[in-house]
Amino acid sequence: MQRSGWDDDGLYLFMKSSRPGSGHRHADNNGIQLAAYGRHLLVDCAAPPYGPQFLPEHQKEDERQRLASLLESGCFRNRSLMVRVNGRDRPTEAIRDLRVCVHPDIDLLILPMLAGAEDVKKFDGLVSAREIEIGLKPGTLGFLCLLERPSAILEAKAIVGASKSCLLYTSPSP
């Protein structure tokens with residue numbers, strides 16, 4: 001842990017770590033928290049529970065409300081902010097996420113678990129409708145499309161061409 005002082009504008013950095021090995025270990029090992037200038041910049045939302053689901057259902061809505069409160073506080077204003085939303089494989093959660101994450105202080109939505117261009121088009125329609133609803137010009141938010149499935153890799157060109165909001169990232173040459 002590092003701390004510049006105890007005042008509200010102080011810098012605070014904390015990293016949870018332990019030696020590699022077997023036994024009782026938590027999935028938040030190597031998690032970090034960072035606060036500076038009176039703002040929480042990186043937040044550890046607590047150790048995830050054991051099991052197949054990262055957050056229990058009741059905590060997901062709590063996390064959405066936490067993000068909504070942070071956005072309304074203005075702490076992300078004039079900063080670059082990307083947020084990963086739930087994918088089309090979890091449509092109810094994706095729609096709940098978009099209600100919070102389509103916001104003027106968010107620049108980019110990370111779209112996971114895409115199978116093809118149709119998934120991007122569905123997201124684009126939902127996001128554009130929400131942008132209009134809150135007074136933003138459609139296409140204000142960009143998309144970073146995660147190609148996590150074999151079908152998505154095979155459809156990469158169609159996926160990034162499915163919306164003008166899609167950003168193309170190429171890794172730098174070695």
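Helix α3 is followed by Gly 135, a residue with a positive phi, near 90°. The structure is a predicted model, in which local features need pLDDT of at least 70 and side-chain atom pairs count only at pLDDT 80 or more, while totals for chains, interfaces and linings use all residues. Residues are numbered from 1 along each chain as its sequence is written, and side-chain values use heavy atoms, with hydrogens and water left out.

The protein chain contains five helices and seven strands. Helices (H or I, at least four residues) and strands (E, at least two) are DSSP runs, numbered from the N terminus. Along the sequence their order is β-β-β-β-α-β-α-β-α-β-α-α. Of the 174 residues in the protein chain, 34% count as buried. Buried means under 20% relative accessible area, exposed means over 50%, and partly exposed lies in between (1.4 Å probe, protein chains only). Contact is defined as heavy atoms within 4.5 Å. When contacts between residues at least 6 apart in sequence are considered, 57% join residues at least 24 apart.

Helix α3 spans residues 117-133, which is 17 residues. From its first C-alpha to its last it reaches 24 Å, close to the 24 Å expected at 1.5 Å a residue; the expected span is 1.5 Å times one less than the number of residues. The buried residues of α3 are Ala 117, Asp 119, Val 120, Phe 123, Val 127, Ser 128, Arg 130 and Glu 131. They lie on the same side of α3 because they cover an arc of only 165° around the axis, the arc being that of the directions from the helix axis to the C-beta atoms. An α-helix has 3.6 residues a turn, so residues three or four places apart point the same way. The cover over the buried residues of α3 includes α2 (91-101), β6 (108-111), β7 (142-145) and α5 (156-160).

Helix α2 also packs with helix α1 (residues 57-73), at an angle of about 15° and with the axes 9 Å apart. Axes are lines fitted to C-alpha atoms, for helices over the stretch in contact, and angles run from 0 to 180 degrees between N-to-C directions. The angle therefore makes α1 roughly parallel to α2; angles under 35 degrees count as roughly parallel, over 145 as roughly antiparallel, 65 to 115 as roughly perpendicular and the rest as oblique. On the side of α1, the contact is made by Glu 57, Lys 60, Glu 61, Arg 64, Leu 67, Ala 68 and Leu 71, and on the side of α2 by Glu 93, Arg 96, Asp 97, Val 100 and Cys 101.

Glu 93, in helix α2, has a relative accessible area of 8% and is therefore buried. Leaving out residues up to four places away in sequence, Glu 93 touches Glu 57, Lys 60, Arg 64 and Asn 86. Asn 86 belongs to the loop between β5 and α2 and is buried, with a relative accessible area of 17%. Beyond its neighbours within four places in sequence, Asn 86 is in contact with Arg 64, Glu 93, Ala 94, Asp 97, Pro 112 and Phe 123. Asn 86 and Leu 111 are 25 residues apart in sequence and 7.4 Å apart in space, C-alpha to C-alpha.

Arg 90 is found in the loop between β5 (82-84) and α2. Its relative accessibility is 38%, so Arg 90 counts as partly exposed. Pro 150, in helix α4 (residues 150-154), counts as exposed because its relative accessibility is 64%.
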